Amino acid sequence: MTCSEFLKELTDYLDGAMDAQTKAELEDHLQWCHNCYVVCNTTKMTIEIYRESHLYELPDDLRGRLRTAIVKRCSGHNPGDSPDSAPDSPK
Amino acid sequence: MATIQPKVEEPAGDELRLVHAAKAGDIGAFEELVRRYDRNVFRIAQHITQNREDAEDVVQDAFLKAYQNLGNFQEQSKFYTWLVRIAVNEALMRLRRRRPERMVSLDEDIKTEEDSMPREVADWAPNPEQLYSQGELKEILGKTIQGLPPSFRTVFVLRDVEGLSTEETADALDLSIPAVKSRLLRARLQLRERLSKYFKNRVGGDGKQ
């Protein structure tokens, strides 16, 4: 396995979404390729650091104001009386 | 090397009951749905728009639109995935208004192989969070993700921050699964590359450690 091939599989590898044989080949590559080991490890840290960072938390006071405004605006309508083109359910 | 564990989902057993009640006009039931997901919608909106006021407007408009369109929600997916789809569309619309000079599209697929090829291969300090204060860290993370194209950061925030599955992300963004995977890989690698300059191991160097 080359480094480019490893890189293509990195997302599935980190998500654990692959068969046992491909996983074993990737892990074999990681045993001897230090650069790919570092890229894999630091990509995993990137994901974890964003996931745990609490970036853009909604402050309680703003949350309360937004909820009051939403309920007020919705109260003036019936559910389903959209004036716009309605989005479909996701496929 | 251990894989990334998906976020544990909160039980949504009574969610359908709330949706049905809201469809029947029970505003209290809809308010409960707002309470469940307002933080998520705000986070997604701010990641996409990179603007606090826009994110506040997106939260209001997305929930109003969801309420007005509840009759079209076919219940084949989770309510949250449907809501995310509405919120992403609202956020992209705001972004387009603010940056009319630039094309902003989820179909945007920047074709450069180099942008994802790792150049920085120094390992990071064992615990990068200890190198910076909480405030500094948030500033670094915010500034870094802001530099990604909107189509990349949208996929990243849904998959990696909000913990949606690849299939749910594809549904919410109306993208194919290979397109989601391709954008996610490039988003992850570009963020990694950019964060490396802050977090790489500097023992013995002139860094902060």
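This is a predicted model: local features need pLDDT of at least 70, side-chain atom pairs count only at pLDDT 80 or more; totals for chains, interfaces and linings use all residues.
**View 1. Helix α7 of chain B and the helices around it.** After α7(B) comes D174(B), whose phi is positive, near 60°.

View 2. Helix α6 of chain B contains F152(B). Is this residue buried or exposed? F152(B) is buried, because 25 other C-beta atoms lie within 10 Å, and the threshold for burial is 20 or more. Once neighbours within four places in sequence are left aside, the contacts of F152(B) are R183(B), R186(B), A187(B) and Q190(B). The pair F152(B) and R183(B) is separated by 31 residues in sequence, yet the C-alpha to C-alpha distance is 5.5 Å.

**View 3. P150(B) in helix α6.** P150(B) is also a residue of helix α6 of chain B. P150(B) is buried, with 23 other C-beta atoms within 10 Å. From P150(B) to L164(B) the separation is 14 residues in sequence and 18 Å in space, C-alpha to C-alpha.

**View 4. The overall make-up of chain B.** Chain B has eight helices and zero strands. Read from the N terminus on, the order of elements is α-α-α-α-α-α-α-α. Of the 209 residues in chain B, 44% are buried. Among contacts in chain B between residues at least 6 apart in sequence, those that join residues at least 24 apart make up 71%.

**View 5. The two domains of chain B and where they touch.** The domain assignment divides chain B into domain 1 (15-98) and domain 2 (114-199). The C-alpha centres of domain 1 and domain 2 of chain B are 24 Å apart. How many residues of each domain take part in the contact? Domain 1 of chain B contributes 13 residues, and these are in contact with 13 residues of domain 2 of chain B. On the side of domain 1 that touches domain 2, α2 and α4 of chain B each supply at least two residues. The largest share of that side, six residues, is from α4(B). By residue type, the side of domain 1 of chain B that touches domain 2 of chain B comprises six nonpolar, five polar and two charged residues.

**View 6. The largest nonpolar core.** This core has 74 residues, and those with the most contacts inside it are I44(B), A45(B), L83(B) and A87(B). Helix α4(B) gives the largest share of the core, eleven residues. Both domain 1 (15-98) and domain 2 (114-199) of chain B give residues to the core, so it lies between them. A45(B), one of the residues with the most contacts inside the core, touches A55(B), V58(B), V59(B), A87(B) and A91(B), when residues up to four places away in sequence are not counted.

**View 7. The side of chain B that touches chain A.** The contact involves 45 residues from chain A and 58 residues from chain B. Which helices of chain B each supply at least two residues of this side? They are α1 (15-23), α2 (27-49), α3 (52-68), α4 (79-98), α5 (134-146), α6 (150-161), α7 (166-173) and α8 (177-199). Helix α2(B) gives the most to the side of chain B that touches chain A, with eleven residues. The residues of the side of chain B that touches chain A are 28 nonpolar, 15 polar and 15 charged.

**View 8. The crossing of α3(A) and α8(B).** Helix α3 (residues 34-51) of chain A and α8(B) have axes that come within 9 Å and cross at roughly 95°. This angle makes α3(A) roughly perpendicular to α8(B). From α3(A), the residues T42(A), T43(A), T46(A) and I47(A) meet R188(B), L189(B), L191(B), R192(B), L195(B) and S196(B) in α8(B). The contact of α3(A) with α8(B) is made up of four nonpolar, four polar and two charged residues.

Methods: Residues are numbered from 1 along each chain as its sequence is written. Chains are lettered from A and ligands numbered from 1 in the order in which they are written. Two residues are in contact if their C-beta atoms, placed from the backbone, lie within 7 Å. Helices (H or I, at least four residues) and strands (E, at least two) are DSSP runs, numbered from the N terminus. Ala, Val, Leu, Ile, Met, Phe, Trp, Tyr, Cys and Pro count as nonpolar, Asp, Glu, Lys and Arg as charged, and the others, Gly among them, as polar. Axes are lines fitted to C-alpha atoms, for helices over the stretch in contact, and angles run from 0 to 180 degrees between N-to-C directions. Angles under 35 degrees count as roughly parallel, over 145 as roughly antiparallel, 65 to 115 as roughly perpendicular and the rest as oblique. Domain bounds come from an automatic or database domain assignment. A nonpolar core is a set of buried Ala, Val, Leu, Ile, Met, Phe, Trp, Tyr and Cys residues joined through C-beta atoms within 7 Å. A residue is buried if 20 or more other C-beta atoms lie within 10 Å of its own, exposed if 12 or fewer, and partly exposed in between; C-beta atoms are placed from the backbone.
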